[in-house]
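Keep the structure open beside you as you read.

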Amino acid sequence: TIDEDEEEDRRLFDALARARHAGKLPDQFTQQEIVRRFDARLGTVMTVLRQLAELGLVERRPGNGWSFAADASRILNESYAYRRALEPQILLQPGFKLDRAWAEKTRALLQKFRKKNWRPGDGGAFHAANADFHEQLARCCGNRTMFKAIQRQNQLRDFLISQTDYPMEQVHSAIDDHLEILAALEAGYADKAAALMLHHLTQSASQSQKDEPSVAA
């Protein structure tokens, strides 16, 4: 079924991200090597490699060869520049309507993250909540093109940094930014929320350049 195919695609996408993050996936490889190593169907491998190629993360080589883009840190920096231009504007769209039930649920989740004792391995859960925050705000703007653009950025970040264990101070800083943005939106101050979003993404981009590639935005 379509759902099962998508689940298989997602599993392989995550497995490739983990292997690449751990330094266990070489810069150059073939489709067949991925099929054998990850016990995946060729169709699944081709779908996921096409996804990664659309994100600019891999490139085709002659024959059945592929290679990872050499400049992952540049891709991440360019992603931040794009998001700084786009995400504040999302909050200023005339059709923006905050989903208040989502906002309440998200505040509770962020506050829970803020209070918990941070342990190695907790980064993945925070990354998922963090990605959802940015994606759901894009959904609230009512502009499908903007929404899809943020989904694409989240996919890119899923591959590059979802395996990262963030330092606690970085997580707390990102959570505080998110809570401030939510509060401004709930109070009806879209301009303030947009300014806070720009500041948040600027700080996170600066942090990512220091950490390479540890980012919490």
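Of the contacts in the protein chain with a separation of 6 or more, 72% are between residues 24 or more positions apart. Please keep in mind that this is a predicted model. The protein chain contains nine helices and three strands, and along the sequence they follow the pattern α-β-α-α-β-β-α-α-α-α-α-α.

How does the overall size of the protein chain agree with that of a compact globule? For 217 residues, a compact globule would have a radius of gyration near 17 Å, and the protein chain has 18 Å, so the two agree. Along the principal axes, the C-alpha atoms of the protein chain fill a box of roughly 55 × 35 × 30 Å. Buried residues account for 45% of the 217 residues.

Now let's turn to how helices pack. Two packed helices are described by the angle between their axes and by the distance between those axes. Take helix H6 (residues 123–140) and helix H4 (residues 72–91): they pack at an angle of about 50°, and their axes are 8 Å apart. The crossing in which H4 passes H6 is left-handed. On the H4 side, the residues that meet H6 are Arg-83, Glu-87, Ile-90 and Leu-91; on the H6 side, their partners are His-134, Leu-137 and Ala-138. By class, this contact of H4 with H6 has four nonpolar, one polar and two charged residues.

H6 also packs with helix H7 (residues 144–161), where the axes come within 8 Å and cross at roughly 170°. Because an angle over 145 degrees counts as roughly antiparallel, H6 is roughly antiparallel to H7. The crossing of H6 and H7 is right-handed. H6 contributes His-127, Asn-130, Ala-131, His-134, Glu-135, Ala-138 and Arg-139 to the contact, while H7 contributes Met-146, Phe-147, Ile-150, Gln-151, Asn-154, Arg-157, Asp-158 and Ile-161. The residues of this contact divide into six nonpolar, five polar and four charged. If you look for His-134 and Ala-138 of H6, you will find them in the contact with H4 and also in the contact with H7.

Next, move along to helix H8 (residues 168–186), which holds Asp-176. His-172 also has its place in H8. Is His-172 buried or exposed? With a relative accessibility of 16%, His-172 counts as buried, because the cut-off for buried is under 20%. Leaving aside residues up to four places away in sequence, His-172 touches Phe-113 and Arg-114. Asp-176, by contrast, is partly exposed, with a relative accessible area of 31%. Asp-176 and Gln-111 are 65 residues apart in sequence, yet their C-alpha atoms are 9.0 Å apart in space.

Our last stop is a loop. Asp-39 sits between helix H2 (31–38) and helix H3 (42–54). The phi of Asp-39 is near 50°, a positive value in a residue other than glycine. Asp-39 has a relative accessible area of 71%, so Asp-39 is exposed.

Terms used
Residues are numbered from 1 along each chain as its sequence is written. This is a predicted model: local features need pLDDT of at least 70, side-chain atom pairs count only at pLDDT 80 or more; totals for chains, interfaces and linings use all residues. Side-chain values use heavy atoms; hydrogens and water are left out. Axes are lines fitted to C-alpha atoms, for helices over the stretch in contact, and angles run from 0 to 180 degrees between N-to-C directions. Helices (H or I, at least four residues) and strands (E, at least two) are DSSP runs, numbered from the N terminus. A crossing is left-handed if the near helix is turned anticlockwise from the far one by less than a right angle, and right-handed if clockwise. Contact means heavy atoms within 4.5 Å. Ala, Val, Leu, Ile, Met, Phe, Trp, Tyr, Cys and Pro count as nonpolar, Asp, Glu, Lys and Arg as charged, and the others, Gly among them, as polar. Buried means under 20% relative accessible area, exposed over 50%, partly exposed in between (1.4 Å probe, protein chains only). The radius of gyration is taken over C-alpha atoms; the globule rule is 2.2 Å times the number of residues to the power 0.38. Angles under 35 degrees count as roughly parallel, over 145 as roughly antiparallel, 65 to 115 as roughly perpendicular and the rest as oblique.
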